[in-house]
Amino acid sequence: MPIKIEHLLTASIKVEEPIIIGDVGLGIRRVIPIIGGRFEGPNIKGRVLSGGADYQLIRKDGLTELLAHYTIETDDGVPIYVVNKGYRHGPKEIMNKLICGEEVPQDSYYFKTSPVFEVGIKSMISLTR
């Protein structure tokens, strides 16, 4: 049976300036605090709560490993824990612009993440109604 992929939601996440940890051996570690935002999809919408972060490792080979932990909350009050893991890679000049927070064309680099969502059992019942 083929896997069916459906659009769940689109998120607009507000972040603070990166905290640069520095060279940790495998590359440059930085932590980007998540301070809020909104999300919306065909059957769900709500806000991104502050308190999460995106933990990035910019490896010496140019690949950036991304690992974000944060919480979203639906408009009807259901909290959902999100872990989003992925990778970003592209030409050195494009990657340098991204690291500096500059805009670049979306098709000029590779960027894929895979989110995992956790919600309490009682909350799942209200989400399915």
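**Salt bridges, surface and pocket of the predicted model**

In the predicted model, Arg 38 and Asp 75 are joined through their side chains by a salt bridge, with an N to O distance of 3.3 Å. This pair links distant parts of the chain: Arg 38 belongs to strand E3 (residues 27-40), whereas Asp 75 lies in the loop between E6 and strand E7 (79-89), and the two are 37 residues apart. Arg 38 has a relative accessible area of 43% and is therefore partly exposed, as this value falls between the limits of 20% and 50%. Asp 75, at 47% relative accessibility, is likewise counted as partly exposed.

In total, 6 salt bridges were counted. Side chains of opposite charge can pair when their charged atoms come close. Another of these contacts is formed by Asp 23 and Lys 60, whose closest N and O atoms are 3.9 Å apart. Here too the partners come from distant parts of the chain, with Asp 23 in strand E2 and Lys 60 in the loop between strand E5 (52-59) and strand E6 (64-74), 37 residues apart. Lys 60 is classed as exposed because its relative accessible area of 62% is over 50%.

A further salt bridge connects Asp 61 with Arg 59, at 2.6 Å from N to O. Salt bridges with shared partners bring Arg 59, Asp 61 and Glu 65 together in one network.

A nonpolar patch on the surface is made up of Ile 19, Ile 21 and Val 24, which together have about 270 Å² of accessible area. Ile 19 is located in strand E2 (residues 19-23). The relative accessibility of Ile 19 is 44%, so this residue counts as partly exposed.

The protein chain contains 2 helices and 8 strands. Read from the N terminus, the order of elements is β-β-β-β-β-β-β-α-β-α. Along the principal axes, the C-alpha atoms fill a box of roughly 50 × 35 × 25 Å. Of the 129 residues in the protein chain, 33% are buried.

Rolling a probe the size of a water molecule over the atoms shows where empty space is left. The largest pocket holds about 1400 Å³ of space. It is lined by 37 residues, of which Ile 13, Val 15, Asp 54, Arg 88 and Phe 111 are the closest to its centre. Two or more lining residues are given by each of strand E1 (10-15), E3, E5, E6, E7, helix H1 (92-99) and strand E8 (110-118). Strand E1 makes the largest contribution to this lining, with 5 residues.

Confidence in the prediction was also examined. The mean pLDDT of the protein chain is 92, and 95% of the residues score at least 70. Strand E4 (residues 45-48) has the highest confidence, at 98, and helix H2 (residues 121-127) the lowest, at a mean of 64. Where pLDDT is low, the predicted coordinates should not be read in detail.

Terms used
Residues numbered from 1 in each chain as written. Predicted model: local features only at pLDDT ≥ 70, side-chain atom pairs only at ≥ 80, totals over all residues. Heavy atoms only, no water. Patch = residues over 30% accessible without salt bridge, like charges linked within 9 Å, V, L, I, M, F, W, Y side chains within 5 Å. Areas by Shrake-Rupley, 256 points an atom, 1.4 Å probe, with all protein chains shown as cover. Salt bridge = Lys/Arg side-chain N within 4 Å of Asp/Glu carboxyl O. Helix = DSSP H or I, 4+ residues; strand = E, 2+ residues; numbered from the N terminus. Buried < 20%, exposed > 50% of the residue type's maximum accessible area, 1.4 Å probe, protein only. pLDDT = per-residue confidence, 0-100. 1 Å grid on protein atoms, 1.4 Å probe; cavity = no way out; pocket = protein on both sides within 12 Å on 5 of 7 lines; lining within 4 Å. Points joined across faces, edges and corners; volume = space filled by probe spheres on them.
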